[in-house]
Amino acid sequence: MPVRQLCGLAAALVLLPGLASAQATSRVAIPTPSSVLGFEVGADRKLADWNEITRYLSQLADASDRVRLDTLGTTTLGRPFVALTISSADNLRQLERYLEIQRKLADPRRVESELEAEELIRQGRTIVLITGGIHSTEVGGYQMSMRLAHRLAAGDDAETRLILDEVILLLVPSLNPDGSQLVVDWYESTLGQPWEGTSPPFLYHHYTGHDDNRDWYAFTQKETQIAVTKLHNVWHPQIVHDIHQMGSQGPRLFVPPWTDPVEPNVDPLLVAGSNAIGTAMAWEMYGQGKTGIVVNAIYDAWTPARAYQHYHGGVRILTETASVRLATPITVPFDSLGGRGVDVRERSWRFPDPWPGGEWRLADIVDYMEAGAFALLKQAALYRERWLSNFYQIGLRAIGGWESWPRAFIIPATGQNRDGLADLLRILVTGDVEVRRAQTDFVLGGRQYPEGTYVVPLAQPYSGFAKTLLEVQEYPAIREYPGGPLRTPYDATAHTLPLLMGVEVVAVDELPPVELSDAIQAPSHRKDVPGLTNRRRQPRIGIYEPWMPSMDAGWTRWVFDEYGIRYEQLRDADARAGNLRARFDAILLPDFSAERMIQGHREGAMPLEYVGGLGEPGVAALEEFVRAGGTLIAFNDATQLPIEQFGLPVKNVVQELSRSEFYVPGSILRLELLQGHWLAQGMPGRTIAWFQRGPVFEPEGDAAGRVEIVGRFAEEEFVLSGWVTGGEHLAGHGAVAVVSHGQGLVILFGFKPQYRGQTIATYPLIFNALKKSLESAAAPGSRNWLGHEGY
């Protein structure tokens, strides 16, 4: 790749001062993006791919003493993950000094006195991290990064000089370089076709697709790990500006303030800072003649899955700009405009100047994004000391401990889900949380804890991150208006890792009376599935993946790769070809709409190889696979395909309910398992289910002897964490069903047992189903799948 190579292993992995030499601006002319690309950034139907972007940025860094380019690691598919450091030449020469100032302000325990703190604040620089491209079809961010970098490298106006002097900018052109290449390659293949500007029919991140921006507390993917460990945890930025795009029919741009609720462990100073800088950005952009900018609408700040910096001393400023068809212009009539939570055709305090409609182009997207980024940088420069002072105050409050919080969390080292405990510790340590171990046995709250017990004291800089992940979430009931209906949450409402991972964690109101170790490193841990991955013959597994992006299929592949479970991707044409029992013992249908799986893309909407779904032949082949002794495993919405198409004697009791009657956007519920059943082998009788707009089962018709409800939602106190409306419709009903069909089995999960690589507590249900698929189905009843001891 044409990216500047850095000397030494450390240089290739960590962004630190002095890693890349820069030549004086006066010696080499500053190249413009168009001089390297051959077209202007934002031009209609023109996109720079990742190779071109990195080539331009490398040439820019070679030419400017204000810009340094570093390769921080490689992506899932082996591409370089790069970041630029942009500031004045003098600041870049003193990066080590500013990094040390930042380390001290981030952890006030390193500061000896308030006088020293005042001096550090006076000398320090505002650290701003700007990221784009995590959602690769939102192309504007990684295109605009070249223009912003050039403007800062070449500009000599007063505003640019102020920013360069007062700010150290860390610019990540793309948080998903693989997708930046894949999407541009796809777009170029669509030019001149009826499907020009469509999104690709595959995930733009190898495993997660759009969910790569939901990985900011689990850190499952290489790209998230690089960004957190090589940027966030090194520089502790005061401001993170995350550049996105949204639909084309609403506002032209969103900036904070966020809508309620804000997650309660976010420091109030960060909420106030987000409000201040967001409204300042909107004010400045309106002053430039831009319209259609909305604040305090659409997006909340509840989940840490999108907001790592909210728990690490800095604000997250999300911007969402209206999209086009990748780089193909569109026309949006004024009377077609709409929007979630805001009337975009009427003036209001949140939306003072509506956009009049008309043509909208990639050039407009890039202009709005660059103007927003520059306005943010200007605020960071103008109020540098305020940003640093508040940053320090946030750290002081964290190390002092919040009065209403527990003093610590205790994590027993034994009697736990081994995989869950290892992942929980990995997450906490990766998130800069200090986890310690008891040096001797101790007693606390009447309970004996042995030597080696893990302890997470909450008087530490990033205690908020630990607390939000280790406690139960209680999402507030917010109404659309007084006396009106409940406002449905924007995103998932629960993220309690101990529940998801099957790990006991105890909150305590006093510190353990015992000496604690230094902060531990993340433990090494090898994942496997005894009785499955260690046997000579593993089951032959197919993971169905339609030619429509299926995040749940991607996450399933990721979990299987983590555990060393072999599988094949099963595409529509493979299924339609039939004879599946000769190839597979088990086929998984990850969460996806049954209708979309069957119909797929219509003719003329995609190239022929991606048109059509399973169709009648594919559905018939799946049913024949089961009848011939195969095991079909379906997650969440995908369960409707075998229920409806195979005529299974099972009904979804919530299928006809409206969203106002029953809605669960992503919560952790209590699951009770049928003890003694092979599917629940090795699991406790009471566990969890991650439920997100899923089905709820009951047998019907000729179900006797064919249908067994192996898991039910608890009758009472079934909400463990999150938010549910209409919960009475699922209480006591089925969550997991095993259905005999011919010589085979259909296993129905009314939830996602492998949700985003986090629900380790319910992985054994999947593994047990796969183990069962290896049994011979030569004769009906040979599976002996009935037989149990009761709930």
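Predicted model: local features only at pLDDT ≥ 70, side-chain atom pairs only at ≥ 80, totals over all residues.
Helix α3, residues 50-63, and helix α7, residues 140-154, have axes that come within 11 Å and cross at roughly 10°. With angles under 35 degrees counting as roughly parallel, α3 and α7 therefore run roughly parallel to each other. On the α3 side, the residues involved are Ile-53, Tyr-56, Leu-57 and Leu-60, and they meet Tyr-142, Gln-143, Met-146, Ala-149, His-150 and Ala-153 of α7. Sorted by class, this contact has 8 nonpolar and 2 polar residues, with no charged ones.

The other pair is α11 (residues 268-287) with α13 (residues 384-400), whose axes come within 9 Å and cross at roughly 155°. Angles over 145 degrees count as roughly antiparallel, and α11 and α13 are therefore roughly antiparallel to each other. Here α11 supplies Pro-268, Leu-269, Leu-270, Gly-273 and Ile-277, while α13 brings in Trp-387, Asn-390, Gln-393, Ile-394 and Arg-397.

The largest cavity has a volume of about 110 Å³. Its lining is made up of Thr-131, Leu-175, Asn-213, Trp-216, His-232, Val-240, Asp-242, Arg-306, Ala-307, Tyr-308, Gln-309 and Arg-316, which split into 5 nonpolar, 4 polar and 3 charged residues. For the second largest cavity the volume is about 60 Å³. Lining this second largest cavity are Ile-134, Leu-175, Asn-176, His-205, Asp-212, Trp-216, Gln-221, Glu-223 and Thr-224, and by class that gives 3 nonpolar, 4 polar and 2 charged residues. Leu-175 and Trp-216 turn up in the linings of both of these cavities.

The lining of the second largest pocket as a whole divides into 13 nonpolar, 9 polar and 12 charged residues.

Most residues other than glycine have a negative phi, and most peptide bonds are trans. Asp-432, though not a glycine, has a positive phi of about 70°. Asp-432 belongs to the loop between α14 and β14 (436-437) and, at 26% relative accessibility, is partly exposed. Phe-219 is another non-glycine residue with a positive phi, near 55°. This residue sits in the loop between α9 (177-190) and α10, and Phe-219 is buried, its relative accessible area being 0%.

Pro-256 and Pro-257 are joined by a cis peptide bond with omega of about 15°, and Pro-257 falls in the loop between β6 (253-255) and β7 (259-262). Another cis bond links Asp-260 to Pro-261, with omega of about 5°; Pro-261 is part of strand β7.

His-495 is in the loop between α15 (463-470) and α16 (497-501), and with a relative accessible area of 0% it counts as buried. His-495 and Ala-218 are 277 residues apart in sequence, yet their C-alpha atoms are 9.8 Å apart in space. Setting aside neighbours within four places in sequence, His-495 contacts Tyr-217, Glu-263, Trp-302, Thr-303, Pro-304, Thr-468, Leu-469, Gln-473 and Leu-500. Asn-652, in strand β23 (residues 650-652), is also buried, with a relative accessible area of 14%. Again leaving out residues up to four places away in sequence, Asn-652 touches Gln-640, Pro-695 and Val-696.

Conventions
Residues numbered from 1 in each chain as written. Heavy atoms only, no water. Axes fitted to C-alpha atoms, helices over the stretch in contact; angles between N-to-C directions. Helix = DSSP H or I, 4+ residues; strand = E, 2+ residues; numbered from the N terminus. Parallel < 35°, antiparallel > 145°, perpendicular 65-115°, else oblique. Contact = heavy atoms within 4.5 Å. Nonpolar A, V, L, I, M, F, W, Y, C, P; charged D, E, K, R; others polar. Buried < 20%, exposed > 50% of the residue type's maximum accessible area, 1.4 Å probe, protein only. 1 Å grid on protein atoms, 1.4 Å probe; cavity = no way out; pocket = protein on both sides within 12 Å on 5 of 7 lines; lining within 4 Å. Points joined across faces, edges and corners; volume = space filled by probe spheres on them.
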